[in-house]
Amino acid sequence: MFEVVIGLEVHTQLNTKTKIFCSCSTSFGDEANTHVCPTCLALPGALPVLNKEAVKKAISFGTAINAKINKKSVFNRKNYFYPDLPKAYQISQFEIPIVEGGELIIDVNGTKKRIGVTRAHLEEDAGKNIHEENESLVDLNRAGTPLLEIVSEPDLRSSDEAVAYLKKLHSILRFLNISDANMQEGSFRCDANVSIRPKGDTKLYTRVEIKNLNSFKFIQKAIDYEVERQSAAWEDGKYDEEVYQETRLFDTTNLVTRSMRGKEDSAEYRYFPDPDLLPVEVPEEMYNEAIKIPELAEQKVARYVSELGVKESDALNLTQSVEMARYFEELIAAGIQPKLATTWLIVELLGRLNNGVTIETSPVSSAKMINLLKRIEDGTISGKAAKEVLDYLMEHDADVDSVIEKLGLKQVSDDSAIIAIIDQILAANADKVEEYKNGKDKMFGFFVGQVMKEGKGAFNPGKVNELLKAKIG
């Protein structure tokens with residue numbers, strides 16, 4: 001009956017070392033109000049100076065989404081009063097953002113869809129309010145941190161599409177290395193604008209903004225709840241009464257949205273060009289440097305499939321994070337065969353990571369994995385034994401070769417030792433040897449199994465096969 005219309009505004013913190021208009025550090029989690037100066041405290045006479053690295057990172061993002069880069073842009077003052085905003089205005093971009101237009105192609109259940117990006121503009125973050133029982137405290141460490149606000153077109157039609165868009169955006173930011181996009185630390189925050197309309201209608205109805213969503217799970221649940229709330233109001237004839245332009249917060253305990261405040265129009269912010277900042281003019285040399293962007297996830301997928309022969313489903317898993325792709329490429333650069341590297345990374349290593357441990361914090365580094373896989377390739381240990389070594393490495397900080405020795409897993413490739421066992425097995429199974437020679441080829445597997453069993457898994461399977469064939473033809 002209803003069509004959902006969703007537009008998303010994402011604020012991502014750019015990973016510059018210093019703030020956007022001063023030289024204070026942007027490091028996270030330090031003692032409150034220790035990364036502040038006259039500029040971010042808004043003391044009289046303090047003037048902002050633009051951080052050029054923030055501009056370069058914004059250009060890189062615009063390049064990645066096929067957007068128009070405005071080599072001339074303007075900073076404005078967005079006026080509003082709140083305790084975490086010392087100046088009583090925020091320096092942002094309004095009429096002329098640095099990035100205009102662009103697109104993301106998302107994939108939902110195998111269906112690709114283009115989502116338009118309206119703009120991406122630079123601005124400064126506010127501080128942080130901490131509310132306790134009888135008082136409110138303000139930490140201004142975050143005030144002045146560079147943000148890139150990325151605004152989508154209202155092209156999204158479900159919470160699934162919204163999450164797919166956000167995950168694609170998150171991946172681009174991480175692969176570009178312009179933001180850590182850490183949702184838990186607030187460096188990737190989303191505001192969702194949600195409205196509904198009768199199917200077939202092209203009119204845009206009242207949109208409600210859900211503020212500061214910081215996990216993919218809660219973003220999906222917040223949108224679904226809001227769609228349900230608006231739909232119920234429409235069906236009950238109370239749409240105009242219950243759905244109006246406002247900002248709502250998502251209650252993550254009860255999984256409902258709650259009214260926060262009325263939503264301001266842009267006119268209420270009284271935007272005007274900031275007189276303390278000249279218009280931004282990007283030099284050609286700086287622009288040319290910023291548009292040289294690294295390979296993104298979807299480009300890596302295409303390369304892994306075409307050049308390395310990796311299955312597309314595996315390639316998608318290998319690029320689910322920039323750390324995963326980096327780990328895989330370190331294995332390939334060391335000469336490990338792509339198929340072996342893929343299996344041991346996706347199946348064996350990821351299968352052992354749990355309790356919040358990620359590829360980034362894995363106890364088995366890429367260097368250790370390279371050594372382990374080389375021992376499989378050179379026949380030092382079998383694949384089965386390598387799993388035992390990996391299990392040990394997950395629990396102990398040790399060298400691969402020393403673990404192989406400690407666990408006694410080295411394969412025996414000595415011909416005389418293997419031939420002795422082969423002779424013993426063949427002598428004990430003369431009838432089966434005769435069956436094999438009379439054309440029952442499956443008996444060969446029986447002999448291999450018996451020799452390997454007698455060798456307690458220490459014999460090199462390739463060597464066993466080679467010597468058996470020489471013995472019985």
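**Close-up 1. R303 pairs with E295 in a salt bridge.** In this predicted model, the nearest N and O atoms of R303 and E295 lie 2.9 Å apart. A salt bridge here is a side-chain nitrogen of Lys or Arg within 4 Å of a carboxyl oxygen of Asp or Glu. R303 is partly exposed at 23% relative accessible area, and E295 is partly exposed at 25% (buried means under 20% relative accessible area, exposed over 50%, partly exposed in between; 1.4 Å probe, protein chains only).

**Close-up 2. K87 and E124 form a salt bridge.** Here the N to O distance is 2.8 Å. The pair joins distant parts of the chain, 37 residues apart: K87 sits in the loop between β4 (76-79) and β5 (89-92), and E124 in strand β8 (residues 111-124). Helices (H or I, at least four residues) and strands (E, at least two) are DSSP runs, numbered from the N terminus. K87 is partly exposed at 21%, whereas E124 is buried at 5%.

**Close-up 3. E161 meets K113 in a salt bridge.** Their closest N and O atoms are 2.9 Å apart. Again distant parts of the chain are linked, with E161 in helix α2 (residues 159-176) and K113 in strand β8, 48 residues apart. E161 is buried at 14% relative accessibility, while K113 is partly exposed at 26%.

**Close-up 4. Salt bridges link E226, R229, E246 and R248 in a network.** The structure as a whole holds 32 salt bridges.

**Notes.** Residues are numbered from 1 along each chain as its sequence is written, and side-chain values use heavy atoms, leaving out hydrogens and water. Local features need pLDDT of at least 70 and side-chain atom pairs count only at pLDDT 80 or more, whereas totals for chains, interfaces and linings use all residues.
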